[in-house]
Amino acid sequence: MKEETAKKKKAPMSMWKIILIVIAAVYIMSFLIPSGSYERDGTMAIPGTYQQTDKIYLNPAEVILAVGDLTYTTFGKLFVTLIIMGGMMGIVNSTGVLDRALGNMIHRLRDKALVIIPIYIFATALLGCVGSMISTVVLFVPLGITIARQLKADRIFAVGLVILGSFTGFMTSPINPLTGVLGQEIAGLAPYSGAGLRTIVTIVNLAVVSAYLIFWVKRCQKNPDVYEKNFGDGSDAAEEAAVPGAENYRPMTAREIAILVIFFGAFIFFAAGGPTLGLGMTELGSIMLPVAFIEGILAHYDIDETMKRFVRGTQDMCGVMVFMVLACVMSVILNNSGILDTIVYYISIPLGHLSSSFAAVGMFIANALINFFINSGSGQTAVMMPIMAPLSDVIGVTRQMAVLTLQYGDGFTNLFAPTSVNLMACLAMAKVDLKSWYKFLTPCYAILFVIMVISIFAGTAIGFH
C-alpha cells in the first residue's frame with residue numbers, strides 16, 4: 001500500500017489538471033490586473049498606444065457563454081481538418097504498411113551500416129513533420145535496439161535513433177498542424193505560410209542530428225566494452241522479436257507500395273497546395289477524405305471496416321480538440337476582462353529594451369521553458385499564441401516570427417522535459433536513465449539551438465512573414 005501511495009505521489013500532473021489550474025489562475029488574475037488596451041490597426045496592436053481603462057470584472061456565466069463562439073471562430077475550420085486527417089491516419093496506420101516499410105528498409109540496408117542512420121532519420125522526420133509518429137515512437141524502440149546491436153552501439157543510441165528524427169522534424173516543420181498551422185490560424189496568418197525558412201532549418205537540423213548519431217556510433221565502436229555492457233547479457237532477445245516487420249520479412253506488395261505512394265503524395269500535396277494553389281485549410285482537409293477511402297479500398301477493407309478505422313483515427317484527435325476548447329476559456333478571460341493587453345504591455349517593457357532580434361530569441365526561450373509545464377504542442381500553442389501574437393506587434397517583430405519562436409520553443413524542450421510521456425516511455429523500454437539521456441542529447445541540441453537562434457536573427461533581419 002505504501003509503494004502504491006508513493007507511486008501516486010510521484011506521478012506527474014496531467015495536462016488536464018494543468019490547464020484547469022491555469023484557467024483558475026487566469027480568472028483570479030483578471031480581478032487583480034488592471035484592464036487596458038492598445039489601439040489597433042485591424043488586428044495588429046500599435047506600439048506605444050497602451051492605456052489603462054475602467055476595470056472589467058467577469059462573472060463565470062459571461063465566460064461560459066462566450067466560449068462556444070470563440071472556439072468556433074478560432075478553431076472551427078481546423079477542427080474539420082483534424083477530424084478528416086485523423087480518420088485518414090487511422091486507416092493507414094491500421095494497415096501496418098508504415099511499420100513494414102521501416103522494417104524492410106532496415107532489412108535491405110543491413111549490410112550498409114551507417115547509411116541506415118540518415119535514411120531512418122529523414123524518413124521518420126517526414127512523419128514527424130505532419131505530427132505523426134510522435135506518440136507512437138515507443139513502438140519502434142525494439143527496432144532501434146536491433147539497429148544498435150547491428151552497429152555495435154549502445155542503448156542510448158537506440159533511443160536517439162528512434163526519437164530524434166520525428167521530434168526534430170516536428171520542432172521546425174513547415175507543415176506541422178499542431179503548432180505551426182494552429183499558431184498561424186490564431187495569429188491571423190495564412191496556413192503554411194513562411195515555409196521556406198522552416199524547410200531550410202529542418203533540413204539543416206536533421207543533417208546535424210544524423211551526423212551526431214554517426215559520430216556517437218563511431219565512438220561506441222572504438223570501445224568494445226560498450227557493446228558488452230549494453231547487450232552482453234542477451235536480455236533484449238524478446239525486444240528484437242517485437243520489431244515491426246522484423247519477424248517475417250517479405251517484399252512489399254504492389255498494393256502496399258500504392259498505399260505508401262498515395263499517403264506521402266497526399267501529404268506533399270497538402271503541404272504545397274496552400275501556398276501554390278491558394279487552397280484554404282478546409283479545402284485541403286476535404287481532399288484527404290477521398291484519399292482515406294482510396295487507402296481503405298487498397299487495404300481491401302469493405303465500407304463498414306473503412307469507416308470503423310476512420311472513426312478510430314478521429315478519436316485520436318478528440319483529446320487535442322477538447323484541450324483547444326479549454327484553452328479558449330482562458331482566451332475569453334484574457335480578452336473580455338481587458339487584461340491581455342496589460343500583460344503584453346508589461347512583458348514588452350523588458351523586451352522593448354532589446355533589439356527585435358534578441359527580443360525574438362527571448363520569446364523562443366520563454367516558450368521553451370513554458371513547455372516544461374504545458375507539454376503539449378497544440379495545448380501550448382492554444383494557450384500562448386493569443387499572448388505572443390500581440391506581443392510581437394508591440395516589440396517590433398512579425399507575427400510569423402511569433403509563431404516560429406513558439407514552434408521552436410515547444411519542440412526544443414520536448415526531449416528534455418521529464419513530463420514528456422513519450423520520452424519517458426522510450427527510455428524505460430530501452431532501460432536508459434534520464435541522466436545518461438541528458439548527457440547524450442545536450443551536445444546535439446546545443447548545436448540545434450545555435451542554428452535556430454541564427455535563423456531567428458536572419459528571419460528578423462528579412463522581416464520574415
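## Overall make-up

The chain's secondary structure consists of 20 helices and four strands. Both are DSSP runs, numbered from the N terminus: helices are H or I with at least four residues, strands are E with at least two. This is a predicted model, in which local features need pLDDT of at least 70, side-chain atom pairs count only at pLDDT 80 or more, and totals for chains, interfaces and linings use all residues. Residues are numbered from 1 along each chain as its sequence is written, and side-chain values use heavy atoms, with hydrogens and water left out.

Of the 465 residues in the chain, 52% are buried. Buried means under 20% relative accessible area, exposed over 50%, and partly exposed in between (1.4 Å probe, protein chains only). The chain exposes about 20400 Å², and carbon and sulfur atoms supply 67% of that area. Accessible areas come from the Shrake-Rupley method with a 1.4 Å probe; for residues, only the protein chains shown count as cover.

## The nonpolar cores

A nonpolar core is a set of buried Ala, Val, Leu, Ile, Met, Phe, Trp, Tyr and Cys residues joined through side-chain atoms within 4.5 Å. The largest has 110 residues. Phe-157, Ile-163, Trp-437 and Tyr-445 have the most contacts inside it. Apart from it lies another core, of 27 residues, including Tyr-192 and Phe-310.

Which residues does Ile-163 contact, leaving aside its neighbours within four places in sequence? They are Val-137, Leu-415, Leu-423, Cys-426 and Trp-437. Contact means heavy atoms within 4.5 Å.

## Helix H18

Helix H18 covers residues 399–412. All 14 of its 14 residues are buried. Its 14 residues should span 20 Å at 1.5 Å a residue, and its end C-alpha atoms are 20 Å apart, which agrees. The expected span is 1.5 Å times one less than the number of residues.

## Helices H13 and H14

Leu-289, Phe-293, Ile-303, Met-307 and Val-311 make a nonpolar surface patch of about 380 Å². Helix H13 (281–298) and H14 each give two or more residues to this patch. H14 gives the most, with three. Patches are made of residues with over 30% relative accessible area and no salt bridge; like charges are joined within 9 Å, nonpolar side chains (Val, Leu, Ile, Met, Phe, Trp, Tyr) within 5 Å. A salt bridge is a side-chain nitrogen of Lys or Arg within 4 Å of a carboxyl oxygen of Asp or Glu.

Phe-293 is in helix H13. It counts as partly exposed because its relative accessibility is 30%. Thr-306 lies in helix H14 (residues 303–336). Thr-306 counts as buried because its relative accessibility is 4%. Beyond its neighbours within four places in sequence, Thr-306 contacts Ile-91, Phe-293, Gly-296 and Tyr-301.
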